[in-house]
Amino acid sequence: MKKWLLIITLCLGTAVASATEPLSTEHETKQRIFDGVTVGDAVTTIIGAGCVAVKEVNPILQGASPAHIVGFFVIRNVLHKQITESIPEEWRTAWLNTSIGAQSLVVLNNVAVLAKHC
């Protein structure tokens, strides 16, 4: 599994590295917000991994150690930023707002599950 994750990461990183454009100040701020919400996801995922009544639904993270969970989110966010830089300027705000919204919903769901079962 680790081998495939590394291969996918390298392929995606190589594919988007050639067409990148720096982020504007507004988009850099939104990327930081996404990164902050991701910290919430990582923390709630680590807490959930220690709770026997909760099952991780992401197959990549099932049975992962806290270090592997953090590594997954770091790699994912680096790729997210690279992909964001490759998206045309006029679509970046929608992309980032959608990413922040989806990530926020995941964190809220995680908190609700932890509150109910842990």
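Predicted model: local features only at pLDDT ≥ 70, side-chain atom pairs only at ≥ 80, totals over all residues.
Reader: Fine. And where is asparagine 110 placed?
Author: In helix α4, which runs over residues 89-117.

Reader: What makes the link between the side chains of asparagine 110 and aspartate 41 a polar contact?
Author: The two side chains are joined at 3.0 Å, and the limit for a pair of N or O atoms is 3.5 Å, so that pair qualifies. Setting aside neighbours within four places in sequence, asparagine 110 also contacts Thr44 and Thr45.

Reader: Let's take threonine 45, then. Why is threonine 45 called buried?
Author: The value is 7% relative accessible area. With the cut-off for buried at under 20%, threonine 45 is therefore buried. Threonine 45 sits in helix α2, and a polar atom of its side chain lies 2.7 Å from the backbone oxygen of aspartate 41.

Reader: What is threonine 45 in contact with, leaving aside its neighbours within four places in sequence?
Author: Glu56, Leu61, Ile69, Phe73 and Asn110. Phe73, for its part, touches Thr38, Asp41, Ala42, Thr45 and Leu61, again without residues up to four places away.

Reader: Why does isoleucine 47 count as partly exposed?
Author: Isoleucine 47 has 45% relative accessibility. Exposed needs over 50% and buried needs under 20%, so isoleucine 47 falls in between.

Reader: Which residues make up the largest nonpolar core?
Author: There are 6: Ala42, Leu61, Ala64, Ile69, Phe72 and Phe73. The largest share of this core, 3 residues, comes from α3. As a general rule, nonpolar side chains in soluble globular proteins tend to be buried together.

Reader: And how much space lies in the largest pocket?
Author: About 460 Å³. Among its 24 lining residues, those closest to the centre are Thr45, Lys55, Glu56, Val57 and Asn110. Helices α2, α3 and α4 each give two or more residues to the lining, with α4 giving the largest share, 6 residues.

Reader: How do the residues of that lining divide into nonpolar, polar and charged?
Author: The lining has 11 nonpolar, 9 polar and 4 charged residues.

Key
Residues numbered from 1 in each chain as written. Heavy atoms only, no water. 1 Å grid on protein atoms, 1.4 Å probe; cavity = no way out; pocket = protein on both sides within 12 Å on 5 of 7 lines; lining within 4 Å. Points joined across faces, edges and corners; volume = space filled by probe spheres on them. Helix = DSSP H or I, 4+ residues; strand = E, 2+ residues; numbered from the N terminus. Nonpolar A, V, L, I, M, F, W, Y, C, P; charged D, E, K, R; others polar. Core = buried A, V, L, I, M, F, W, Y, C linked by side-chain atoms within 4.5 Å. Buried < 20%, exposed > 50% of the residue type's maximum accessible area, 1.4 Å probe, protein only. Contact = heavy atoms within 4.5 Å. Polar contact = N/O pair within 3.5 Å; in protein donor to acceptor, adjacent residues only side chain to side chain.
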